[in-house]
Amino acid sequence: NAIVKASQTMTCNEKNIKIATITAGQFTPQTPLEPSNIFNFVVRGVFTGDEMYFRAVEDAINFTVENGFRRFELEEELEWIDTVQNAYERIPGGPSVVVGSILMVYYKCFRVGDAAGTDNR
């Protein structure tokens with residue numbers, strides 16, 4: 001409900017919406033980076049299937065905004081966070097990944113067929 005309601009309040013005009021989140025926690029990416037590299041923030045959803053890791057929240061915000069995303073209004077953002085948290089709580093045995101705490105939710109409008117939602121106008 002929260003996602004549908006939020007999408008109805010956005011000014012996307014017959015476009016699709018892509019959602020990205022900035023999450024706080026202690027993340028060790030499964031990449032060629034050294035295992036001792038722990039990051040404080042992860043951005044999920046900017047690129048399909050990828051997560052981007054940051055030590056500073058400002059870097060995470062800049063990355064998200066530079067890729068054409070805008071932040072949800074506070075009410076919709078809180079509803080979306082609640083929806084995601086409820087989904088994770090319903091996984092038997094808990095999630096298989098480090099979930100962290102969602103801090104911010106962003107959206108980007110794009111037309112069907114645009115590669116990775118790159119058209120944000």
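Me: Which exposed residues does the face of α3 turned away from its buried side carry?
Reply: The model is predicted, so local features need pLDDT of at least 70 and side-chain atom pairs count only at pLDDT 80 or more, while totals for chains, interfaces and linings use all residues. Residues are numbered from 1 along each chain as its sequence is written, and side-chain values use heavy atoms, with hydrogens and water left out. Buried means under 20% relative accessible area and exposed over 50%, with partly exposed in between (1.4 Å probe, protein chains only). On the face of α3 turned away from its buried side, the exposed residues are Leu 74, Leu 78 and Glu 89.

Me: Within what arc do the buried residues of α3 fall?
Reply: Helices (H or I, at least four residues) and strands (E, at least two) are DSSP runs, numbered from the N terminus. In α3, the buried residues are Glu 76, Glu 77, Trp 80, Ile 81 and Val 84. They line one face of the helix, because seen down its axis, by the directions from that axis to the C-beta atoms, they fall within an arc of 135°.

Me: What are the edge strands of the sheet?
Reply: Two strands pair if DSSP finds at least two bridges between them. Five strands form an open sheet with antiparallel pairing, in the order β3-β2-β1-β5-β4. Those that pair on one side only are the edge strands, β3 and β4.

Me: How many bridges join β2 to β3?
Reply: Strand β2 (residues 39-44) has five of its six residues buried. Five bridges join β1 to β2, and Ile 22 has Val 43 as its bridge partner in β2. On the β3 side, Phe 41 has Phe 54 as its bridge partner. Strands β2 and β3 run antiparallel, and the number of bridges joining them is four.

Me: Is Phe 41 buried or exposed?
Reply: Phe 41 is found in strand β2. Contact means heavy atoms within 4.5 Å, and Phe 41 touches residues including Thr 23, Phe 27, Ala 60 and Leu 103. Phe 27 is 14 residues away in sequence and 7.3 Å away in space, C-alpha to C-alpha. At 14% relative accessibility, Phe 41 counts as buried.

Me: Which residue takes a positive phi in the hairpin of β2 and β3?
Reply: The hairpin has six residues between the strands. A positive phi near 105° is taken by Gly 45.

Notes
Lists of a residue's contacts leave out its neighbours within four places in sequence.
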